[in-house]
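Subject: Structure handover

Hello,

The structure we discussed is below. Please load it before reading the notes.

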Amino acid sequence: MASEQPKNPPRWIDISSRKKHEQHTRIPSDWALNRDELISPNSPNYLHLPRACGLLTEEELRLTEAYDATALADALRKKEVKSVNVVRAFCKRATVAHYATNCLTEIFFSDALKRAQELDDHLASGKPPLGPLHGVPVSLKDTFKVKGYDASIGLAALCFKPSEENSVLVDVLLRAGAVLYCKTNVPQTLAALDSHNNIFGRTINPLNPAVTAGGSSGGEAALMALRGSVLGVGTDIGGSIRVPAMCGNLYGMKPSWERIPYAGQEGGSKPAVAKLSVSASAGPLAHSMRDIELFFRTVAAQRPWELDPDVIPGPWESLSSIAKTKLRIGVVRRDGVIEPHPPISKLLDEVAAKIRAAGIEVVELDITPVFSQCQSLANALMGAEGSNSMFDLIEAFDEPLSPWIKPRMRRKEPLSFETLRKLHAQRTKLQVDALQIWRQVDAFICPVAPHPVPEIDKYNGASYTSSFMLLDYPAGTIPVRMFKEKDMKGELPDVAALGSWDKRNRELWTDVDRSVYIGTPLCVQVVGPKLEERRLCDAMAAIDRVLKAANVNLASKL
């Protein structure tokens, strides 16, 4: 009998090898690190690595740790620091973050250093700064197109096809003086809440390698959690900014989709499909609330509505503010689909008590009649095209589905016109019904997720985040504190599960060793009315100030 001929390896394997080699060649050889020597198998987190690895000088460590983006932009404008030194420091720190967490995709350090020097020369010649971000390094999610570099989104079929032009937001950031130096990892299909694909592999959470870094802006969050970036830009359609921000102990905000330019993104689908389903938003991940506002103020100042017809005209200062008014914050404890775990409910109690004690009016809100309908409707609309374009790309190079995606996604027939019409009619009715919320409060807090940051590939339903994409409400994540040993206490009520999502969510509390959550971030989500990003920033900043003051007071008593 003739021996069976070995099969050729799947086509994606060679593409992955070539892309990783390309990454390696774009990191200066004298910055190379040995990951096996860098990371101990028993390391509870990787936060010590930038200092322990020896790659960064003391000054470079200071430049990457002592500033948020607002302070750094001010120091650059005053010529207290030079952009070329700042950018080099963040390129080095991004290198450490990448070796530790596998967070980068495209690397353009060389181009960044060249631009930084040009921006320094510009200031030295006596010319005014190009804009508010003059000389500030900014990282980008891989979906953004940067001319001359791939926007592969982790798919073999899109590798080695350099973008011929920039995404609109990339041009806006460059006009504002930003220095772009890297792009970051995403999940296969961009539809997962964990960041793994076949080309670049899995991104690890540096705060705790046992739990997820989140998705789909997971690479961005991992990079920022190790301070390999001072300001990052992600995208969000079901929680893809807010969830990674939660996982990385960061601030993150997704606007209404008409606020920030989204044109020119790579999403693996045909043009204008989002107009038939639910449109994604681009927004910032940051180390402070003032950096979140800096991003929105900067983008608005560049008049992006002249470049992207979907963006509604409106300078930042023209948007309504609540900074000088009596703030009224709602507390939304549940969505009627998935019941929060005990520590999530306790966190809402803590935050509500602190902001109430600070003089902010707090009211309980039950919006489950609207909230409970959003998740299933959002899922239905997101499946308008049946994922056929994405599966065409995946199957073109024989790629397997990622672990989180495999049980959740398959090809389907595109929805018919009549089905889409009915779904959009349901969406409009929910949006009308939800308007009554804003007659009661300026903003409301709710969970980012009904569970703590879960283990890899175990993130459950996204109803607490995707609902606000469906309603087109701006929403953001605020870090509160870390999960402690005492948070392991508490049991779920002895009642029937609300449904399959709730049943799976319960398992993340009853069927795990809860100690895995210790040291992971606990965050709240703040939600505002449609297109009221400035009002939401005001509300988030006020809540954040209260929480920080409460933490300082607590520390002084210990």
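Predicted model: local features only at pLDDT ≥ 70, side-chain atom pairs only at ≥ 80, totals over all residues.

Residues are numbered from 1 along each chain as its sequence is written, and side-chain values use heavy atoms, with hydrogens and water left out.

Salt bridges

Searching the whole structure gives 44 salt bridges (a side-chain nitrogen of Lys or Arg within 4 Å of a carboxyl oxygen of Asp or Glu). Three of these pairs are described here.

Asp 14 and Arg 18 are joined by a salt bridge with an N to O distance of 3.8 Å. Both residues belong to helix H1 (residues 11-25) and sit 4 residues apart, about one turn of the helix. Helices (H or I, at least four residues) and strands (E, at least two) are DSSP runs, numbered from the N terminus. Asp 14 is partly exposed at 45% relative accessible area, and Arg 18 is partly exposed at 40%. The classes are buried under 20% relative accessible area, exposed over 50%, and partly exposed in between (1.4 Å probe, protein chains only).

Lys 19 pairs with Glu 106, with the closest N and O atoms 2.8 Å apart.

Glu 59 and Arg 62 form a salt bridge whose closest N and O atoms are 2.9 Å apart. They are 3 residues apart in helix H4 (residues 58-65), which means a separation of about one helical turn. Glu 59 is partly exposed at 38%, and Arg 62 is partly exposed at 34%.

Helix pair

The axes of helix H5 (residues 69-77) and helix H12 (residues 289-301) come within 8 Å and cross at roughly 65°. Axes are lines fitted to C-alpha atoms, for helices over the stretch in contact, with angles from 0 to 180 degrees between N-to-C directions. Ala 69, Thr 70 and Ala 71 of H5 make the contact with Arg 290, Asp 291 and Leu 294 of H12 (contact means heavy atoms within 4.5 Å).

Regards
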